Every structure is written in C-alpha cells, then in structure tokens.
Amino acid sequence: MKAIVLFGSPGSGKGTQAKLLTECLAVPHVSTGDMLRGRIRQEVGMAKEMAATMAATMQAGALVSDQVVDVMVEERLSEADAAQGFVLDGYPRTRAQAERFCAWLDGRGIREVVIHLAVDYNVIIARLTGRRECPRCGTLYNVAFHPPKVDELCDLDGEALVVRDDDREPVIRERLDAYERQTRPVLEYLLAAGRRVVEVDASNDPPDLVYRKIGQAIETDDCSQNRR
Ligand code: ADP
C-alpha cells in the first residue's frame with residue numbers, strides 16, 4: 001500500500017510531482033482541486049446553485065467547506081483502483097480535515113507518508129503568476145521556468161494553454177493567505193500527532209530532482225532509477 005499525501009503551498013509543485021509519482025507507482029492521482037473543478041463543470045451530485053456557490057468560493061481563492069471535501073475524498077479513496085494506494089494532492093487542508101482523515105486512515109490500518117514540499121515565498125509567487133495549463137490533458141507549464149516549445153500551445157496535443165481563473169494575482173494572494181491561516185497549522189497538527197512527515201526542499205531544484213528526493217523518502221528506488 002502506497003498512501004502518499006503531498007502537502008505544500010499552492011505552487012509548491014504538488015501537481016507536477018503527483019503526476020510523476022502516479023506514473024511510476026501505478027496508483028491514482030487524487031487531486032481535490034481537479035475533482036472540485038470537474039464536479040462544478042458537470043454539476044455532479046449537486047444542484048446548480050451549489051455548483052455556482054462553490055465556483056465563486058474557488059474563484060475568490062477561499063476554501064470549499066470541509067464537509068463537501070471530506071465526503072468526496074473518502075468516496076474516491078474507497079474506489080477499487082485506490083486499494084493499492086494513492087497520491088493525494090490538496091487534502092487535508094484544514095485542521096478539521098486532517099483530524100477526520102487521520103481517523104479514517106487509522107480505521108483502515110493505512111499508514112500514510114506525508115511529503116511536505118517546502119518552497120520559498122518569492123519562488124511561489126513567480127511560479128503561480130507564470131502558470132499555464134492545457135485544458136485538454138492537464139499538462140502544466142510555466143512561461144518562465146518550463147515554457148512550451150511553441151508559445152502558449154501544449155507540447156502534447158497542440159491545444160491553446162489557459163490561465164486558471166484562480167491564478168490571477170489578487171486571487172493568488174488570497175490563496176496564499178488561506179494557506180498560511182488554515183493549511184500551515186495542518187502540518188503542526190500532523191507533526192504533533194506523530195504522523196510520518198518528510199520535508200523535501202523544493203525551492204530551487206528541477207522537478208526531476210525533487211522527484212528523486214521524494215523517491216528516496218518513500219523508499220521506492222524503482223521510481224528514481226527509471227528516470228535517471
Ligand atoms: P492550489 O493548490 O494550487 O491552490 P488546487 O487545485 O489544489 O490548487 O485547489 C484549488 C481550489 O480548490 C482551492 O483554492 C480551494 O478553493 C479548493 N480546494 C481544493 N482542495 C480543497 C480542500 N481540501 N478543502 C477545501 N477546499 C479545497
């Protein structure tokens with residue numbers, strides 16, 4: 001069982017690392033941000049008004065209610081493809097979510113490892129303001145650090161890249177505030193509760209190197225070896 005929780009500020013590289021990890025470990029990538037955006041698009045399991053409220057919350061850079069996210073994650077992790085493990089990205093994000101999630105894991109005898117991607121604040125700002133996403137395949141780019149081969153087009157499928165609504169500057173500030181206020185205390189809680197937390201310095205190293213450090217931390221040599 002590989003239960004990996006990627007923890008870090010917006011822009012710390014959770015999505016990029018999650019993609020690399022899931023390819024190697026053959027477990028699903030469970031991203032609460034992606035799931036929420038998907039649900040809103042398709043209005044899954046909710047009325048139109050609720051989808052609109054949720055979209056407004058996310059566009060403002062604030063957090064969606066614990067109740068909604070807790071149930072969504074528990075249902076997703078109970079699906080058959082997550083039986084051998086998962087890479088969780090974006091959860092838990094509040095202390096209440098963390099308490100509930102730890103109890104959920106303990107109830108199933110699952111021993112998770114939390115990877116904290118630690119990144120300098122100024123690097124975060126530069127990354128978030130330059131971020132572009134392919135709306136078709138989800139590949140992430142950055143105009144400064146990892147541009148596509150052809151300006152503003154996805155390398156894989158040629159689709160025009162987009163800036164996520166919540167990657168605009170005032171919203172970025174809100175998201176970082178929400179992180180400091182609500183999410184950083186989760187780390188303190190996890191450490192105090194004696195959970196396994198590994199800190200990985202992810203400020204300056206390219207994604208491949210960060211990935212190798214994670215591979216070492218979770219003792220999966222096969223992942224780092226494949227990419228050498
Ligand atoms: P980032 O980590 O870059 O902020 P995400 O895609 O993980 O981006 O999340 C986007 C938004 O989705 C958040 O700003 C928040 O509104 C909502 N969200 C995602 N995960 C959670 C969560 N665990 N609890 C509450 N809201 C969440």
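Of the 19 residues around the ligand, Thr32, Ala62, Gly90, Gln97 and Arg175 come nearest. This is a predicted model: local features need pLDDT of at least 70, side-chain atom pairs count only at pLDDT 80 or more, and totals for chains, interfaces and linings use all residues. Residues are numbered from 1 along each chain as its sequence is written, and side-chain values use heavy atoms, with hydrogens and water left out.

**Ligand site**

- Gln97 uses its side chain, where an N or O atom is 2.9 Å from a nitrogen atom of the ligand.
- Arg175 also brings in a side-chain N or O atom, 2.6 Å from an oxygen atom of the ligand.
- The ligand taken alone exposes 550 Å², and the protein buries 96% of that; accessible areas come from the Shrake-Rupley method with a 1.4 Å probe, and for residues only the protein chains shown count as cover.
- Helix α2 (residues 32-42) gives the most to the shell, with four residues; helices (H or I, at least four residues) and strands (E, at least two) are DSSP runs, numbered from the N terminus.
- The shell around the ligand holds eight nonpolar, four polar and seven charged residues.
- In this scheme Ala, Val, Leu, Ile, Met, Phe, Trp, Tyr, Cys and Pro count as nonpolar, Asp, Glu, Lys and Arg as charged, and the others, Gly among them, as polar.

**Cavity**

- The structure holds one cavity of 30 Å³ or more.
- A cavity is a set of points, on a 1 Å grid over the protein atoms alone, where a 1.4 Å probe fits but cannot get out; lining residues have an atom within 4 Å of a point.
- The largest cavity has a volume of about 40 Å³; grid points are joined across faces, edges and corners, and a volume is the space filled by probe spheres set on the points.
- Its lining is made of Val5, Pro92, Phe101, Cys102, Leu105, Glu112, Val114 and Leu190.
- Helix α5 (residues 95-107) gives the most to this lining, with three residues.
- By class, the lining of the largest cavity has seven nonpolar residues, no polar ones and one charged residue.

**Backbone geometry**

- Tyr91 and Pro92 are joined by a cis peptide bond, with omega about -5 degrees.
- Pro92 is found in the loop between β3 and α5, and Pro92 is also one of the residues that line the largest cavity.
- Ala26 has a positive phi, near 55 degrees, though it is not a glycine.
- Ala26 is in the loop between α1 (14-25) and β2 (29-31).
- Ala26 counts as exposed because its relative accessibility is 67%; buried means under 20% relative accessible area, exposed over 50%, and partly exposed in between (1.4 Å probe, protein chains only).
- Glu152, another residue other than glycine, has a positive phi near 65 degrees.
- Glu152 lies in the loop between β6 (140-142) and α7 (169-192), and with a relative accessible area of 35% it is partly exposed.

**Selected residues**

- Arg132 is in strand β5 (residues 131-133) and counts as buried, at 16% relative accessibility.
- The Arg132 side chain reaches the backbone oxygen of Gly130 at 3.5 Å.
- Ile214 lies in helix α8 (residues 207-217); at 0% relative accessibility, Ile214 counts as buried.
- From C-alpha to C-alpha, Ile214 and Ala26 are 16 Å apart in space and 188 residues apart in sequence.
- Arg37 is placed in helix α2, and its 22% relative accessibility makes it partly exposed.
- Arg37 and Met54 are 17 residues apart in sequence, with 9.2 Å between their C-alpha atoms.
- Asp81 sits in the loop between α4 (66-77) and β3 (85-89), partly exposed at 41% relative accessible area.
- The C-alpha atoms of Asp81 and Val186 are separated by 27 Å, and the two residues are 105 apart along the chain.

Notes:
Near = heavy atom within 4 Å. Polar contact = N/O pair within 3.5 Å; in protein donor to acceptor, adjacent residues only side chain to side chain. 1 Å grid on protein atoms, 1.4 Å probe; cavity = no way out; pocket = protein on both sides within 12 Å on 5 of 7 lines; lining within 4 Å.
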